[in-house]
Amino acid sequence: MTKKKSKTDNSLFKLKTTSFLPEEEYRHVYNNKVICVTDSKGHSQRDNKSLTELVVDASEGFIPLWEKNVILNWRFDKSFGSFFEDAEGAKDGIRNLLGQAIHSWKEACPVKFREVKDNWDFEISMHTENCNSIGCVLASAFFPNAGQNKLYIYPTMFEQSQEEQRETLEHEIGHVFGLRHFFAKIKEAGSASELFGKESKFTIMNYGPKSKLTKDDIDDLKRLYQLVWNNELTQINGTPIRKFTSYHMR
């Protein structure tokens with residue numbers, strides 16, 4: 001009896017690229033050849049609504065935001081320090097950058113952050129360098145949810161200035177708060193989003209020289225969460241809002 005040979009030819013796994021970035025339509029170059037991959041998921045929802053400053057995630061058919069009084073426990077993953085000659089110095093540097101980025105959002109910050117050893121909601125991890133001719137990923141984060149998540153730091157981030165490193169984390173923290181890119185309705189038409197806030201081209205959720213954390217960013221985010229927590233806002237443009245607590249608080 002002969003057994004039919006299974007098709008396990010390694011040519012099936014021939015790579016066309018060694019840069020594992022999203023397809024070109026989902027590559028978001030927002031500052032000096034910096035690519036954000038946090039915002040590359042979602043489902044189709046096309047329309048022609050006018051642009052406003054704050055764009056909130058609606059990629060799963062609802063807008064995910066945080067409940068009131070949520071704390072996000074975070075830690076470095078166990079291998080983080082092994083990538084650096086000075087492990088503790090590198091951790092202190094990231095703590096400082098993360099603290100600056102969170103503090104930049106001022107009173108609008110809808111959650112509190114606490115470093116822990118166990119019972120964590122997200123880990124800070126190193127990610128392999130990811131660049132192509134268009135640019136490089138510096139960091140990637142997540143949207144509000146009740147699971148355990150990763151905030152990835154890519155080696156290329158450490159080649160940037162301190163200001164650019166802080167702005168990168170301010171942008172990623174914006175995603176953690178539930179914000180999409182400013183240009184989501186134009187360049188991310190395949191990923192559903194909804195609009196909230198004042199019209200402005202200057203925002204940390206934009207790209208290039210327009211990527212700056214502004215007073216409007218802070219005021220709009222603060223107002224969004226106040227309305228949601230007071231149950232005065234339960235949907236935006238017909239998309240329902242869903243509030244999450246963190247993994248360790250469930």
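Student: Where is Ala146 found?
Tutor: Ala146 sits in the loop between β9 (139–140) and β10 (149–153). Strands here are DSSP runs of E with at least two residues, helices are runs of H or I with at least four, and both are numbered from the N terminus. This is a predicted model, where local features need pLDDT of at least 70 and side-chain atom pairs count only at pLDDT 80 or more, while totals for chains, interfaces and linings use all residues. Residues are numbered from 1 along each chain as its sequence is written, and side-chain values use heavy atoms, with hydrogens and water left out.

Student: Which residues is Ala146 in contact with, leaving aside its neighbours within four places in sequence?
Tutor: Contact means heavy atoms within 4.5 Å. By that rule, Ala146 is in contact with Phe244, Thr245, Tyr247 and Arg250, leaving aside neighbours within four places in sequence. Ala146 and Phe244 are 98 residues apart along the chain, yet their C-alpha atoms are separated by 5.9 Å.

Student: Phe244 again: what does Val70 touch?
Tutor: Not counting residues up to four places away in sequence, Val70 touches Val111, Lys112, Phe244, Thr245, Ser246 and Met249.

Student: Is Val70 buried or exposed?
Tutor: Buried means under 20% relative accessible area, exposed means over 50%, and partly exposed is in between (1.4 Å probe, protein chains only). Val70 has 2% relative accessibility, so it counts as buried. His175, in helix α2 (residues 162–176), counts as buried because its relative accessibility is 0%.

Student: And how do I read a pair of helices?
Tutor: Two packed helices are described by the angle between their axes and the distance between the axes. Axes are lines fitted to C-alpha atoms, for helices over the stretch in contact, with angles running from 0 to 180 degrees between N-to-C directions. Here the axes of α1 (residues 87–104) and α2 come within 8 Å and cross at roughly 60°. Under 35 degrees is roughly parallel, over 145 roughly antiparallel, 65 to 115 roughly perpendicular, and the rest oblique. That's why α1 and α2 count as oblique to each other.

Student: Which residues meet there?
Tutor: Leu97, Leu98, Gln100, Ala101, Ile102 and Ser104 in α1 meet Gln162, Gln165, Arg166, Leu169, Glu170 and Ile173 in α2.
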